[in-house]
Amino acid sequence: MILPIGETLANLCGFAGMACIVVAYAYGTGKAAPNPYVQHGLNLAGSLLLTVSLLVNLNPASLVLEAFWSAIAIWGLVKAVRQGRAA
């Protein structure tokens, strides 16, 4: 355990993160032109919440996956800001 929070709270964070990522995927699949701020923002939030869970219930491979997931989401958000796409 790396974070000093309870296992139940960590699991709730993990489930909330999983929900964010699933919603982002469904949103991106269902919209013809998804808003990148919504899609990448949900992915980033999901990844960060899952990371909280993984810092309590350590799984190194999943932790590395979440690091890449966060990096890609941040890259998408930076790209959207640079392109000036309005919400």
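Helices (H or I, at least four residues) and strands (E, at least two) are DSSP runs, numbered from the N terminus. The structure on display is a predicted model, in which local features need pLDDT of at least 70 and side-chain atom pairs count only at pLDDT 80 or more, while totals for chains, interfaces and linings use all residues. Residues are numbered from 1 along each chain as its sequence is written, and side-chain values use heavy atoms, with hydrogens and water left out.

Begin with the whole protein chain. Three helices and zero strands are present, and the pattern along the sequence reads α-α-α. The C-alpha atoms fill a box of roughly 40 × 20 × 20 Å, taken along the principal axes.

Next, select residues 7-30, which are helix 1, together with helix 2. Their axes (lines fitted to C-alpha atoms over the stretch in contact, with angles from 0 to 180 degrees between N-to-C directions) lie 7 Å apart at an angle of about 155 degrees. Helix 1 is therefore roughly antiparallel to helix 2 (the term applies to angles over 145 degrees). Their crossing is left-handed, that is, the near helix is turned anticlockwise from the far one by less than a right angle.

Finally, select I72, which lies in helix 3, residues 60-83. What do V64, F68, I72 and W75 form on the surface? These residues make up a nonpolar patch with about 480 Å² of accessible area together. Patch members have over 30% relative accessible area and no salt bridge, and nonpolar side chains (Val, Leu, Ile, Met, Phe, Trp, Tyr) are joined within 5 Å. A salt bridge is a side-chain nitrogen of Lys or Arg within 4 Å of a carboxyl oxygen of Asp or Glu. Accessible areas come from the Shrake-Rupley method with a 1.4 Å probe.

Terms used: Patch = residues over 30% accessible without salt bridge, like charges linked within 9 Å, V, L, I, M, F, W, Y side chains within 5 Å. Parallel < 35°, antiparallel > 145°, perpendicular 65-115°, else oblique.
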